[in-house]
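Q: Can you walk me through this structure? I'd like to start with the charged pairs and then move on to the rings.

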Amino acid sequence: MASSGKNILVHLKKCENLSAARFTQCIIDYFVKTGETKMEISVELIDNKLIISDSKQTATAQWAQFYHPPFCPFYHLSTNQVSEITEEIKERGINVGVSVLVESSDDKVLLSRRASHLRTFPSIWVPPGGHVEENESLAEAGLRELEEEVGLHLEPDQFMQQPLKILTLWESCFPAKLEIGLPRRHHVVCYMYGKLRNQTSAQLNTQIKMDANETDACIWLDKEIVEVIDLSREDTTTEIKIPGTIPKTIR
């Protein structure tokens, strides 16, 4: 859902220097400069700033894997391409998104399909999620977005692990590739994970009430199917070997 308040932005801390991340900045390149697609980072939301560092700054900061694809537009931007991006876009900084990967007690994972009319990533399957509002924790934002998008109202104590932990972070660009167009959106998406104690996918499905402005479909999938979907992503050359237990189609 679109934010109505102040944007929560990414800040980078390196060698004790803290600064707001620039819109055109590739975060992994800022820290390692080797063309890597992942690195371990320390992350913490403090005073409405998502602080990412290559060293743990406080006792409450979390270590997490940070990823971007090998075709990350921000890594491959040329000086000329940066100059073609409007000042209005470059002044945006890097926004923060959050998503909760919910696993039911019968081991199924919830994915939702973004509405076809959305300006960014239309008709893409994702875990429900969105922006972080002022003074929210990442978990609070993720659970709020879950309820707004698919109607599931879940409390932290319904999950086996408390508090919800960051599973991983993803550097997101729209459009996703430079050959499609110059970047117009830059986010760091924090993926939280939680397994519910005693609610099955069938029980949860009775509570689903999708917001048509945001979501037009959702599905509970076996984790084995999610793993096969992950193997088919564009940033890997791994040969896909689909187990015989995987159905050819899913309703």
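**Salt bridges and beyond**

Q: Which strands hold D222 and K108?
A: D222 lies in strand β12 (residues 215-222) and K108 in strand β7, so the pair ties together parts that are 114 residues apart in sequence. Helices (H or I, at least four residues) and strands (E, at least two) are DSSP runs, numbered from the N terminus.

Q: Before going on, what kind of model is this?
A: This is a predicted model, where local features need pLDDT of at least 70, side-chain atom pairs count only at pLDDT 80 or more, and totals for chains, interfaces and linings use all residues. Residues are numbered from 1 along each chain as its sequence is written, and side-chain values use heavy atoms, with hydrogens and water left out.

Q: Back to the pair. How accessible are D222 and K108?
A: D222 is partly exposed at 33% relative accessible area, and K108 is partly exposed at 22%. The classes are buried under 20% relative accessible area, exposed over 50%, and partly exposed in between (1.4 Å probe, protein chains only).

Q: What about D216 and R113?
A: D216 and R113 form a salt bridge through their side chains, at 2.7 Å from N to O. D216 is in strand β12 and R113 in strand β7, so this pair ties together parts 103 residues apart in sequence. D216 is partly exposed, with a relative accessible area of 32%, and R113 is partly exposed at 29%.

Q: OK, rings. How many aromatic pairs?
A: There are three aromatic pairs. The rule takes rings of Phe, Tyr and Trp (its six-membered ring) with centres within 6.5 Å; planes under 30 degrees apart count as stacked, over 60 as edge-to-face and the rest as tilted.
A: One of them is F23 with F74, edge-to-face, at 5.6 Å centre to centre and 90° between the planes. F23 lies in the loop between β2 (17-20) and α1 (27-31), and F74 in helix α2 (residues 73-76), so the pair ties together parts 51 residues apart in sequence.

Q: Are F23 and F74 buried or exposed?
A: F23 and F74 are both buried.

Q: How are the rings of F121 and F174 arranged?
A: Their centres are 5.0 Å apart and their planes are at 70°, so F121 and F174 are edge-to-face. F121 is in the loop between β7 (108-114) and β8 (125-126) and F174 in strand β10 (residues 165-174), a separation of 53 residues. F121 is partly exposed at 27% relative accessibility, whereas F174 is buried at 13%.

Q: Which lysines lie over ring faces?
A: K14 lies over the face of Y30, 5.0 Å from the ring centre. K177 lies over the face of F71, at 4.9 Å from the ring centre. The rule asks for NZ of Lys or CZ of Arg within 6 Å of the ring centre and within 35 degrees of the ring normal.

Q: New topic: where is G142, and what is it in contact with?
A: G142 is in helix α5 (residues 138-150), and is buried with a relative accessible area of 0%. Leaving aside neighbours within four places in sequence, G142 is in contact (heavy atoms within 4.5 Å) with V98 and V100.

Q: Last one. How many helices and strands does the chain have?
A: The chain has seven helices and twelve strands. Buried residues make up 43% of its 251 residues, and the C-alpha trace spans about 50 × 40 × 30 Å along its principal axes.

Notes: A salt bridge is a side-chain nitrogen of Lys or Arg within 4 Å of a carboxyl oxygen of Asp or Glu.
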